[in-house]
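Biologist: Could you walk me through this one? I would like to go through it piece by piece.

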Amino acid sequence: MNKIHQEYNKYFLNTYGPFDFVPVSGAGSRLYDEDCKEVIDFAGGIAVNGLGHSHPKLIKALTNQASCLWHVSNIMINKPALELARKLVSNTCFDKVFFTNSGTEAVEAGLKLARRYAAVTYGKHKNKIVSFLNGFHGRTLFAVSVGGQSQYQEGFAPLPGGICHGVFNDITKLDELIDDNTAIVIVEPIQGEGGIISATPEFLIKLRELCDKFSCILMFDEVQTGMGRTGKLFAYMNYGVEPDILSSAKALGSGFPIGALLVKNKFSTGFEIGSHGSTFGGNPLATSVANAAFDMINTPEILDGVIKRRQIFIKKLTKLNQEVNVYKEIRGEGLLLGLELHDKYNGLARELIKIGLKHGVLILNASPNVTRLAPSLIIPIEDIDEGIDRFTNTLLEFVRVHG
Ligand SMILES: *Cc1c(COP(=O)(O)O)cnc(C)c1O
């Protein structure tokens with residue numbers, strides 16, 4: 001083990017197992033370490049760096065704000081936050097926002113708002129939360145309890161109660177799951193961490209129907225799928241199903257930490273003065289960067305560019321897989337792609353990342369059996385070409401070692 005990893009292990013709680021490559025700078029879709037070794041980034045900081053690394057407009061937004069005003073807390077209005085709220089509202093079906101520092105906090109805010117709205121409007125019996133197996137909503141105790149992956153709950157009992165999990169994309173059991181006591185149904189339009197699995201339109205339409213029928217809130221967790229990732233500003237826009245509330249984060253700040261809960265007017269009374277809060281949420285630095293990111297991402301050039309880049313990826317990956325036959329399926333929307341390993345390679349998606357780094361390309365996994373690609377929405381075409389060449393070498397070595 002090299003020195004920096006030894007030091008890391010000495011000082012960090014053992015929650016991550018970082019890879020060997022230690023980037024010290026980034027530009028566009030390329031990362032560099034201290035020795036100027038360069039890696040093409042198909043991971044995008046886990047679907048965060050929507051505009052790549054060191055985008056000049058984001059640097060300008062951050063540094064301008066840095067010389068102006070860093071933090072005032074929410075006891076006062078800050079203008080960059082107001083501007084971002086206006087943009088989010090005028091470009092979506094929502095009316096109000098609450099800013100957070102992360103995706104988990106945006107989810108948590110939505111769950112709390114829904115429970116309080118139901119309690120105040122209908123009574124305390126209406127508190128049930130419905131979510132789906134294999135779903136992911138973040139890492140606070142509440143978020144892992146609502147999430148549908150038991151490995152993230154192990155050892156943390158007792159978990160918050162009143163949560164029921166259904167089977168994602170199974171319409172037949174929904175009638176048993178959602179009832180008069182349900183306060184909120186939360187779902188990812190595409191399960192991200194769970195392996196890049198898209199909700200079917202029928203599933204989301206049925207959820208919408210049942211939430212209307214039983215007067216409960218439908219929440220989309222678009223922390224990963226939002227801000228242009230699927231070629232629309234938010235993934236719900238692909239489905240024609242409007243949720244009542246929505247969580248956003250990841251690419252919202254395109255690298256600067258920020259999250260947001262978006263809420264329709266009808267449910268905005270779930271929070272009143274004092275019901276919820278955050279010291280940093282909507283911080284001027286975060287919202288200034290997010291404003292600049294929003295102005296770029298919410299344009300036909302970038303959103304159409306996502307679809308164009310997607311087509312290049314799909315074409316090249318399909319051809320490559322015909323040659324190496326590593327994956328049984330290539331799926332996902334926009335630039336959120338999932339490649340599911342053949343059964344004989346079960347559990348090796350993380351191993352593949354290590355081999356990729358040796359060959360100069362950074363990929364991700366989503367579950368142990370799926371390779372995930374979530375590159376910058378503006379990744380240059382030549383970086384796609386070169387990255388796929390490196391990914392080809394990666395898969396060839398993978399097959400040599402594990403085939
Ligand atoms: C990443 C993610 C979260 C958690 O966001 P953090 O910023 O890590 O707290 C929540 N929901 C979904 C769908 C995510 O992909």
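**A loop residue, and onward**

Modeller: Let me start with Thr299, which sits in the loop between H10 and helix H11 (300–324). Please keep in mind throughout that this is a predicted model.

Biologist: Okay, is Thr299 buried or exposed?

Modeller: Thr299 is buried, because its relative accessible area is 17%, and the cut-off for buried is under 20%.

Biologist: And what does the side chain of Thr299 reach?

Modeller: The side chain of Thr299 reaches the backbone oxygen of Met296, at a distance of 2.7 Å.

Biologist: Switching to the ligand, which residues are around it?

Modeller: The residues around the ligand are Ser102, Gly103, Thr104, Phe136, His137, Gly138, Glu188, Asp221, Val223, Gln224 and Lys250.

Biologist: Which side chain has an N or O atom 2.4 Å from an oxygen atom of the ligand?

Modeller: That is the side chain of Thr104, where an N or O atom is 2.4 Å from a ligand oxygen. Gln224 also has a polar side-chain atom 2.8 Å from an oxygen atom of the ligand, while in the side chain of Asp221 an N or O atom is 2.7 Å from a ligand nitrogen.

Biologist: How much of the ligand's accessible area does the protein cover?

Modeller: On its own the ligand has 390 Å² of accessible area, and the protein covers 82% of that.

Biologist: New topic, charges. How many salt bridges does the structure hold?

Modeller: There are 21 salt bridges in the structure. One of them pairs the side chains of Arg30 and Glu38, at 2.8 Å from N to O, and another joins Arg30 to Asp383, where the N to O distance is also given as 2.8 Å.

Biologist: Where do Asp383 and Arg30 lie?

Modeller: Asp383 lies in helix H13 (residues 381–402) and Arg30 in strand E2 (residues 30–33), so the pair ties together parts of the chain that are 353 residues apart in sequence.

Biologist: Are those two buried or exposed?

Modeller: Arg30 counts as buried because its relative accessibility is 16%, and Asp383 likewise counts as buried, with a relative accessibility of 6%.

Biologist: What about Arg116, which partner does that form a salt bridge with?

Modeller: Arg116 forms a salt bridge with Glu272, and the closest N and O atoms of this pair are 3.2 Å apart. Here too distant parts of the chain are linked, since Arg116 is in helix H5 (residues 103–122) and Glu272 is in the loop between strand E12 (259–263) and helix H10 (284–297), 156 residues apart. Arg116 is partly exposed, with a relative accessible area of 29%, and Glu272 counts as partly exposed at 47% relative accessibility.

Biologist: Which residues do salt bridges that share partners join into one network?

Modeller: That network consists of Arg30, Glu38, Asp383, Glu386 and Arg390.

Biologist: Last one, which residues make the nonpolar surface patch?

Modeller: Ile4, Val22 and Val24 make that patch, which is about 230 Å². Ile4 is found in helix H1 (residues 3–11), and Ile4 is partly exposed, with a relative accessible area of 45%, so it passes the patch cut-off of over 30% relative accessible area.

Technical notes:
Residues numbered from 1 in each chain as written. Predicted model: local features only at pLDDT ≥ 70, side-chain atom pairs only at ≥ 80, totals over all residues. Heavy atoms only, no water. Patch = residues over 30% accessible without salt bridge, like charges linked within 9 Å, V, L, I, M, F, W, Y side chains within 5 Å. Areas by Shrake-Rupley, 256 points an atom, 1.4 Å probe, with all protein chains shown as cover. Salt bridge = Lys/Arg side-chain N within 4 Å of Asp/Glu carboxyl O. Helix = DSSP H or I, 4+ residues; strand = E, 2+ residues; numbered from the N terminus. Buried < 20%, exposed > 50% of the residue type's maximum accessible area, 1.4 Å probe, protein only. Near = heavy atom within 4 Å. Polar contact = N/O pair within 3.5 Å; in protein donor to acceptor, adjacent residues only side chain to side chain.
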